Amino acid sequence: MKELIRFLKASGIYFIGTVLIKLVSFLMLPIYTKYISPEDMGTYDLASAYITFLCSVLYLDIWAGIMRFMFEHDTREKKKKPINSGFAIFLLSTAVYTAIIIGVGCVAHIPYLFYIYLFGLLMNTQILFGYLARGFGKNVLYASSGLIGTLVTTVSNIILIVVFKMNYSAMFISGCIGYMVNIAIVGYGIRAHELISVKKFDYGIFKQMFRFSIPLCMNSVAYWFLTSYNRVAISNILGKEANGLYAVATRFGSVINLFTSCFNMAWQEISYSKEATSDSDNSNFYSVAINSFIQFLGMGLILLVPVVFFVFPIMIDDSYNEAKNMVPIYLLATIASSTSSFLGNIFSAIKKNDILFFTTVVGSIVNVICVHLLLPVLGVQGASIALFLGFLINVIIRIRILSKEIRVKMDMRFIGMFTILTAGVTFVYIKLSYIGNLAAFAVGVFATIYVFRDVIGKVYLQIKVKLRKK
């Protein structure tokens, strides 16, 4: 019960910050699609994919390692050892990152390379500071700084794109401004200047953290091939304009991420902390958490698909209309992705990152093969299908391994019902009109009530008891 209360509290804090951040970003779609052409959007998306890949390789996901080792120390002073040991790795990665960008600039002409370089550097610094804040339990600071940074990015984008009529480079510049504001707020809140000390560097922890983070790094690289590689494939096979359409379709996945990212961050902290402090059997704890998460995601998707049918024409400019039918499959892929991340945090908590890497590699291989087979046949829609298949295989393998490692048990009845409902709402979305999608939404509401009937009943009884006392 203590873990549940802590999870809900952390989720609530992250929810407030994350929902507003994602919502602000989502509401920028009308401006992006009106002022930025599909080809320019595709170019920006492709550049972002490449810089994400480079950072995934070089930075080793060291921030996750720092936070994991911070949870093993109970005072601010003791936490400085993993912080400084991890920061040493971060600095080495930054030096290599800078050298590579300079080398690329010498041999190839890439528009706005300095903005792209700065975007990647500040993005990683912002992630590092955010994990430090979470490691100190400053979740409110983490959420509020992210919200303020996003608002600054949004305002900057509006000024640069709408007022000054800048092209996609405005999105990199605005992102850099937002990241700097975020870093400044978090740095002040955690008193970052007090944390860095050469004397606190511990070579033993440095080696442990490096070993812990290498599999995470390789997992991030494999994860890039499971997610971002499709943008490269679309650009090479179908062109940057097609990638621009795909980029807009993917933005609707952020609606699901409104909820899943806050749960995943809270879950990461709970699972890390529980494994660091508990020696008991956690199989029931993990089984309930996984099944509840999948039920929440699944019913959210059933309700969201018909809503997107009505929202898409309002939010998106006509030049991006072809992206509409791509949304349901991509949302399904997002569900699988979020479930994969949720399961992945369990592997990190029990320090089984080698398994984490293996499962991601298998999923990425499936995605890469399928995307090249499906793009020539199905067009951009093939990228979403390939992404879903890659994550589906990833999730299946992770669940099977967890069922052996910690005896996790899945609710197969719900998974069967979810499969049927998903097929139904997707068919209605693509083939039917407004009335059909309105009916699909109504069915989704009743199905959601049925799935969560026990929870709703308990809440109702508690409310009833409180009213009687009054």
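**Close-up 1. Helix α17 and the lining of the second largest pocket.** In this predicted model, α17 supplies seven residues to the lining of the second largest pocket, the largest share. Helix α17 spans residues 412-431. Three further helices each give at least two residues: α13 (283-315), α14 (327-349) and α16 (381-405).

**Close-up 2. The centre of the second largest pocket.** The volume of this pocket is about 500 Å³. Its lining counts 21 residues. Closest to the centre are Ile294, Leu392, Val395, Ile415 and Phe418. What classes of residue make up the lining? The lining has 16 nonpolar residues, four polar ones and one charged one.

**Close-up 3. Ala289 in helix α13.** Ala289 is part of helix α13. Is Ala289 buried or exposed? Its relative accessible area is 15%, so Ala289 counts as buried, the cut-off being under 20%. Phe342 lies 53 residues from Ala289 along the chain. The C-alpha atoms of Ala289 and Phe342 are 9.4 Å apart.

**Close-up 4. A nonpolar patch on the surface.** Six names make up this patch: Val307, Phe441, Val445, Phe446, Ile449 and Ile456. Together they have about 500 Å² of accessible area. Which helix gives the most to the patch? Helix α18, residues 434-451, does, with four residues.

**Close-up 5. Ile449 in the patch.** Ile449 sits in helix α18 and belongs to the nonpolar patch. Its relative accessible area is 43%. Ile449 is therefore partly exposed, because that class runs between the 20% limit for buried and the 50% limit for exposed.

Note on methods
Residues are numbered from 1 along each chain as its sequence is written. This is a predicted model: local features need pLDDT of at least 70, side-chain atom pairs count only at pLDDT 80 or more; totals for chains, interfaces and linings use all residues. Side-chain values use heavy atoms; hydrogens and water are left out. On a 1 Å grid over the protein atoms alone, a cavity is a set of points where a 1.4 Å probe fits but cannot get out, and a pocket is an open set with protein on both sides within 12 Å along at least five of seven lines; lining residues have an atom within 4 Å of a point. Grid points are joined across faces, edges and corners, and a volume is the space filled by probe spheres set on the points. Ala, Val, Leu, Ile, Met, Phe, Trp, Tyr, Cys and Pro count as nonpolar, Asp, Glu, Lys and Arg as charged, and the others, Gly among them, as polar. Buried means under 20% relative accessible area, exposed over 50%, partly exposed in between (1.4 Å probe, protein chains only). Patches are made of residues with over 30% relative accessible area and no salt bridge: like charges are joined within 9 Å, nonpolar side chains (Val, Leu, Ile, Met, Phe, Trp, Tyr) within 5 Å. Accessible areas come from the Shrake-Rupley method with a 1.4 Å probe; for residues, only the protein chains shown count as cover. A salt bridge is a side-chain nitrogen of Lys or Arg within 4 Å of a carboxyl oxygen of Asp or Glu.
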